[in-house]
Amino acid sequence: MKTLRREKLKVVTAQPDSSELGGYVLDDQAGFLMRIAMQRHTSIFTSRMVAGLTQTQFAALAKLYEVGPCSQNHVGRLIYLDAATIKGVVDRLHLRGFVTALNDPNDRRRRAVALTDRGRHLTEVAVRVAADIAAATLAPPDRGRAAPDCEAAAQAWVTAG
């Protein structure tokens, strides 16, 4: 059996000149900053959203509240989810009693997804919480937190747009 040979780690102490990479600085890149902003938003959303709703579950409920009963695939298209993903989201919302399936009066082969009374009430509460989440996401970062540089970068991206 062959063993893996370990080499000593070579530590680079001098900062490379960004001109070597064509002026590329990771901390200034839109995709990097968007990822940080999304991490911040996801953390805030997860800690504050009612009933343990995920972002996709909330989006489905909010869209159904907005447009009314519609096909599962249509809800998915409206919130930019593929058919397999929206099916799982709707199934989980159905198991929790937030949505139901109705027969489409125009096409017996189709079924429409609709909010239940429980789902409508939850969505009304969740939308108010979501407004607070959005405000917290866009608020200046708390400098007392563990990663202020990342949060400041995310805030810079959000406010620059």
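A residue counts as buried when its relative accessible area is under 20%, as exposed when that area is over 50%, and as partly exposed in between.

**Figure 1. The whole protein chain in a predicted model.** The protein chain has 161 residues, and 30% of them count as buried. Its accessible surface comes to about 11,400 Å². Carbon and sulfur atoms account for 56% of that surface.

**Figure 2. Helices and strands along the protein chain.** Six helices and three strands make up the elements of the chain. Read along the sequence, they follow the pattern α-α-β-α-α-β-β-α-α. Contacts between residues at least 6 apart in sequence were also counted, and 53% of these join residues at least 24 apart.

**Figure 3. Confidence in helices α2 and α6.** Helix α2, residues 55-67, has the highest mean pLDDT among the elements of the protein chain, at 98. Helix α6, residues 148-160, has the lowest, at 51. Where pLDDT is low, the predicted coordinates should not be read in detail. For the protein chain as a whole, the average pLDDT is 87, and 86% of the residues score at least 70.

**Figure 4. A nonpolar surface patch that includes Tyr-24.** Leu-21, Tyr-24 and Leu-26 together make this patch, which covers about 320 Å². Tyr-24 lies in the segment before helix α1, which spans residues 30-48. Is Tyr-24 buried, exposed or partly exposed? Its relative accessibility is 43%, so Tyr-24 counts as partly exposed.

Technical notes. Residues are numbered from 1 along each chain as its sequence is written. This is a predicted model: local features need pLDDT of at least 70, side-chain atom pairs count only at pLDDT 80 or more; totals for chains, interfaces and linings use all residues. Side-chain values use heavy atoms; hydrogens and water are left out. Patches are made of residues with over 30% relative accessible area and no salt bridge: like charges are joined within 9 Å, nonpolar side chains (Val, Leu, Ile, Met, Phe, Trp, Tyr) within 5 Å. Accessible areas come from the Shrake-Rupley method with a 1.4 Å probe; for residues, only the protein chains shown count as cover. A salt bridge is a side-chain nitrogen of Lys or Arg within 4 Å of a carboxyl oxygen of Asp or Glu. Helices (H or I, at least four residues) and strands (E, at least two) are DSSP runs, numbered from the N terminus. Buried means under 20% relative accessible area, exposed over 50%, partly exposed in between (1.4 Å probe, protein chains only). Contact means heavy atoms within 4.5 Å. pLDDT is the predictor's confidence in each residue, from 0 to 100.
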